[in-house]
Every structure is written in C-alpha cells, then in structure tokens.
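Please open the model in a viewer and follow the stops below in order.

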Amino acid sequence: MSMNLEREKAPLPIVDLATVKSSMLTKILYGGMVVSMLAAFYFIFMYAEVEKTMGVVQKIFYMHVPSAWVAFLAFFVTFVFSILFLIKRKRIYDTYAYVSAEIGVVFTAIVLTTGPIWAKSSWNTWWAWEPRLTTTLILFFLFMAYLMVRQMDGVWDKKARLAAVFGIIGFADVPIVFFAIRWWQSKFHPIVFGDGPSQEGGGISPSMLVALLVTIAAFTFLYAYILHKGVSFENMKIKVGHYKEKLREKLEN
Amino acid sequence: MLRAALTIAKKDIYSELRTKQVLGTMIIFAGLVILVLSFAFDPANNTTKAVIPGAVWIIIVFSGILGLNRSLVSEQRNDTMHGLLVAPMDASSIYLGKFMANFSMILIVEIVSIPFLFLLFDFKITGSILYFLLVLFVGSFGFIAIGTFLAALASNSKSSEMLLPLLLFPMTSPVLIGVTQATKIILTNMEKLSTALSWMQLVAAYDVIFFVLCFLLIEYVLEV
Amino acid sequence: MGFMYAAYSVVWVIIFGYMLLIGKRHNSLKKDIEFLKQLDR
C-alpha cells in the first residue's frame with residue numbers, strides 16, 4: 001500500500017452532471033415563455049374579437065401562423081449557424097444548427113396539421129395548394145433531409161460539415177420554392193391576395209393583430225427556451241461521450 | 001480550370017462508353033417507367049394526354065438519379081476520389097467535370113426515351129419542338145447541377161442511394177414545377193407561350209443561382 | 001367549433017409529445033451518468 005495519501009490512480013475527471021445548471025438565461029427564457037403564453041391565451045380568447053364569417057374556428061389562425069413563423073425562424077437559425085460552422089468549425093455552432101432543425105420539424109408539423117384542420121372547417125377541403133402551405137410542406141422535407149444527413153454514419157465533423165452545406169443550400173431554396181408555387185397557383189386558381197387559409201393581409205382587425213403579435217412573441221419565447229435547453233442537453237451528451245471514450249481507453253490499457 | 005474539368009468529363013464519359021453499363025441501365029429504367037405509366041394511365045384515353053408533360057419529367061428525374069448516384073459512388077472504389085482531390089486542380093473543376101459528364105448522359109437518355117414515350121402514348125406534338133428542346137435543356141441543366149452536388153454530398157454515406165433522392169426531390173421542386181408547366185404549354189397549348197417563357201425564366205434563374213452556389217460550396221463537400 | 005378544439009389539442013399534443021421525447025432522452029442520459037459514476041468508484 002502506497003504511503004501516498006492521494007489515490008494511486010488519478011481519478012477520471014467527473015463532470016458534475018447531476019443537476020442541470022440553471023443559469024440566468026434559462027430562468028429568463030422560462031419566465032418570458034410562461035408569461036407570454038398566458039398573455040397569449042388571454043388575448044386569443046378574451047381580447048380578440050370573433051371573426052364575422054368564419055366564427056370561432058378562425059382562432060386556429062393564432063396557432064397556425066406563429067408556428068409557421070417559428071418554423072421559418074428555426075430554419076433561418078440553422079442556416080446562420082451552418083455558415084458559422086463552415087467558417088469557424090466550432091462544434092457549438094453545429095449543435096445549435098442541429099437542435100434548431102429538430103425544433104423546426106416540430107413546428108412545421110404543427111403548421112401542416114393545423115392547416116388542413118382549418119382548411120376543412122372553412123373551405124371544406126383537407127388541402128389547398130396555396131403557396132404558404134405548400135412551401136411549408138417542402139420545408140418539412142428539407143428539414144427531414146437535413147436531419148437525415150446528420151444521422152449518417154461517420155465522424156461528427158464530417159456529418160456536421162455536410163449537414164451545414166445542405167443547410168445553406170436548403171435555405172437558399174426556400175424563397176425560390178415560395179415564388180414558384182405562388183406563381184403556379186395564381187395562373188390557375190387566382191387567389192386574391194389575402195384570401196385562402198393563411199389570410200393575413202386585408203381584413204385583420206386591430207384586436208386580432210394584437211393577439212397575433214402576442215402569440216408570435218409567445219411562440220418565439222417557446223422556441224428560444226427549447227433551443228437553449230436542447231443545446232445544453234446536446235453539450236452534456238457530447239461530454240458524456242468524451243468521458244466514455246476516455247474510460248474505454250483506460251480500460252484497454 | 002476549364003481544361004481540368006474537361007479532362008474529368010472526358011474520363012468519365014470514356015470510361016462509361018467502354019462498358020455502357022450505366023447508360024444502358026438508365027435507358028432501360030426509363031423504358032420501364034414508361035411501361036409502368038402506361039399501366040397506370042390508359043394510353044388510349046384522350047385525357048391521358050394531360051399526363052404526358054409530367055411523365056416526361058418523371059422519367060428524367062428517376063433515371064437521372066440512377067446516373068447521378070453512380071457517378072459519385074464509383075469514385076469510392078479504389079479510393080479514386082482521393083486521387084482527384086490530390087491532383088493539382090480545384091474541387092470546383094471536379095464538380096464542373098462531373099456535371100458535364102452527367103449532363104451529357106442525361107441528354108442521351110432523353111433523346112432515346114422521350115420519342116419512345118411519345119410513340120407508346122401516341123402523342124402528337126401540337127407545339128414547337130424547338131421550345132421543347134429548350135425546356136429540356138434548361139430543366140435538365142438545373143436538375144443535374146444540383147444533382148451532381150448532392151450526389152457528392154450523399155456519396156459519403158453508406159446508404160447513398162436512399163439519401164440522394166431524399167435530398168434531391170425537395171431541392172429541385174421549383175425546377176420540376178416550372179418545367180412541367182412550361183412543357184405542358186409548349187407541347188399542347190402554344191398560345192400561352194409567354195407564360196411558358198416566364199416559367200423557363202424562373203427555371204433559368206434557379207439554374208444560375210444554384211450552379212454558382214454549388215460551384216462555390218463544392219470544396220466544403222469534397223474536403224478530405 | 002369542434003374543429004377549433006381539434007386544432008388546439010393537436011398543437012399541444014405535438015408540443016407535449018416533443019417534451020416527453022426530450023424528457024426520455026434526459027432520463028436515459030441521466031441513467032448513463034449514474035452508471036458511469038458507479039464505475040468510477
């Protein structure tokens with residue numbers, strides 16, 4: 001037995017991962033999210049007036065549009081962090097891009113489910129080939145493609161690099177898709193701007209606008225919160241992965 | 001740089017002409033797609049004529065994917081991709097060369113299979129052949145430009161045949177929309193030619209934007 | 001009217017479903033960490 005009072009083998013550095021560190025940012029995001037969500041529900045159901053033609057069903061709009069906003073925001077964030085990653089090559093950028101894409105899928109799914117529900121209730125058709133909805137459908141597939149690239153077999157930096165490239169190209173594609181579809185639709189089913197399931201321009205009263213803006217803010221807080229939590233989680237996972245690797249090496253020696 | 005690209009294009013085309021394996025597969029596959037379409041849609045029926053413009057592009061897309069995939073995956077054998085990367089040329093020349101080779105191949109497939117499609121469906125072109133060729137050119141250009149790029153990206157995966165369509169279809173949707181609309185007008189309804197030309201402008205814009213983008217980003221994809 | 005309830009419930013089911021998925025990942029990571037801590041004792 002060694003007279004050395006220290007342990008004979010140096011302990012592996014244990015990352016103290018028992019509790020999720022609650023930093024200031026997390027608290028702010030969480031608080032902001034809760035407050036704005038409650039406010040949003042108040043504004044949607046108490047403040048905003050009931051729409052004349054569609055009735056109460058129109059309230060779906062307050063979930064549908066902010067979700068679409070968040071979905072596109074998420075893809076934009078993925079785009080920005082993809083560029084940053086290709087230039088700086090820091091892993092944290094790739095993590096942000098990846099988590100944002102995952103959240104984007106969730107909100108795109110919300111848009112694509114609330115859209116048909118609204119369409120069925122107002123226009124009695126489950127799907128409308130209108131520009132925003134169809135672009136969101138393609139956005140969904142682009143997100144999926146991004147995640148599939150991320151799931152490839154291989155080293156993380158190759159996957160991250162390829163996914164980043166795809167993130168950039170995919171985002172560049174979205175405006176073109178939107179214009180192509182809008183053109184496609186106007187030639188055959190002239191949609192008066194503002195008509196159709198995602199109507200926004202023309203005929204939105206102030207009280208509805210306020211409710212919409214509050215809900216957009218609420219959903220943005222929700223997105224930011226989930227993004228923040230998601231990124232810290234991924235970082236933990238990466239650390240644990242490194243730790244396991246070191247452990248494996250130790251065992252082999 | 002153009003010379004390097006041409007060298008690569010020539011290498012690809014010559015090695016293909018020796019076995020004619022991929023080209024043959026692409027053409028046969030196109031024929032099979034036409035066959036399946038004739039089962040799905042009744043060729044004798046007049047309303048089927050409306051399907052033909054779309055069918056043209058379905059054939060191009062599906063056989064194109066075959067050729068695209070092989071053109072990049074073949075560089076994995078004997079690790080020739082490393083050879084290309086180490087050679088004194090930009091990654092962009094590799095992209096350009098592969099693009100030219102793939103483009104020529106898809107043109108050959110189109111020249112063979114589209115008349116076959118028209119034959120089987122007894123389709124009489126009541127429009128301009130010249131504009132039709134133009135649409136084919138512009139559309140295939142965009143498709144192959146982004147296709148070569150994504151094939152290079154997907155070739156890094158073990159399941160590249162599955163990944164490539166997943167990546168390619170959403171990305172090329174503007175091309176497909178524009179080009180089927182334009183083809184429909186050109187083949188059947190020549191009065192709306194100006195609309196067709198606008199669609200072709202959209203596709204041409206896509207071609208330019210993504211050709212340049214892929215040209216610039218290819219070095220990140222082909223990194224060692 | 002029923003449509004509106006359907007839509008809102010779909011939205012919140014999706015969001016909570018995602019939260020559950022994240023929760024599951026959290027838990028399996030925690031278990032991993034606990035196990036590794038045990039190993040190191």
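At what angle do helix H3 (residues 52-73) of chain B and helix H5 (residues 91-120) of chain B pack, and how far apart are their axes? In this predicted model, select both helices: the angle is about 145°, and the axes lie 10 Å apart. The crossing of H3(B) and H5(B) is right-handed. To display the contact, select from H3(B) residues including B:Ala55, B:Ile59, B:Ser63, B:Gly67 and B:Ser71, and from H5(B) residues including B:Lys98, B:Asn102, B:Met105, B:Val109 and B:Leu117. When coloured by class, the residues of this contact comprise eleven nonpolar, six polar and two charged.

Next, select B:Leu150. Leaving aside residues up to four places away in sequence, B:Leu150 touches B:Leu164, B:Leu167, B:Leu168 and B:Met171.

Then turn to chain C. Its secondary structure consists of one helix and zero strands, and its C-alpha trace spans about 60 × 5 × 5 Å along the principal axes. Of the 41 residues in chain C, 5% are buried.

Finally, display chain A with chain C. Here 23 residues of chain A contact 18 residues of chain C. On the chain A side, helix H3 (91-123) and helix H6 (206-252) are the elements that give two or more residues. H3(A) provides the largest share, nine residues. By class, this side of chain A has 17 nonpolar, three polar and three charged residues.

Key
Residues are numbered from 1 along each chain as its sequence is written. Chains are lettered from A and ligands numbered from 1 in the order in which they are written. This is a predicted model: local features need pLDDT of at least 70, side-chain atom pairs count only at pLDDT 80 or more; totals for chains, interfaces and linings use all residues. Helices (H or I, at least four residues) and strands (E, at least two) are DSSP runs, numbered from the N terminus. A residue is buried if 20 or more other C-beta atoms lie within 10 Å of its own, exposed if 12 or fewer, and partly exposed in between; C-beta atoms are placed from the backbone. Axes are lines fitted to C-alpha atoms, for helices over the stretch in contact, and angles run from 0 to 180 degrees between N-to-C directions. A crossing is left-handed if the near helix is turned anticlockwise from the far one by less than a right angle, and right-handed if clockwise. Two residues are in contact if their C-beta atoms, placed from the backbone, lie within 7 Å. Ala, Val, Leu, Ile, Met, Phe, Trp, Tyr, Cys and Pro count as nonpolar, Asp, Glu, Lys and Arg as charged, and the others, Gly among them, as polar.
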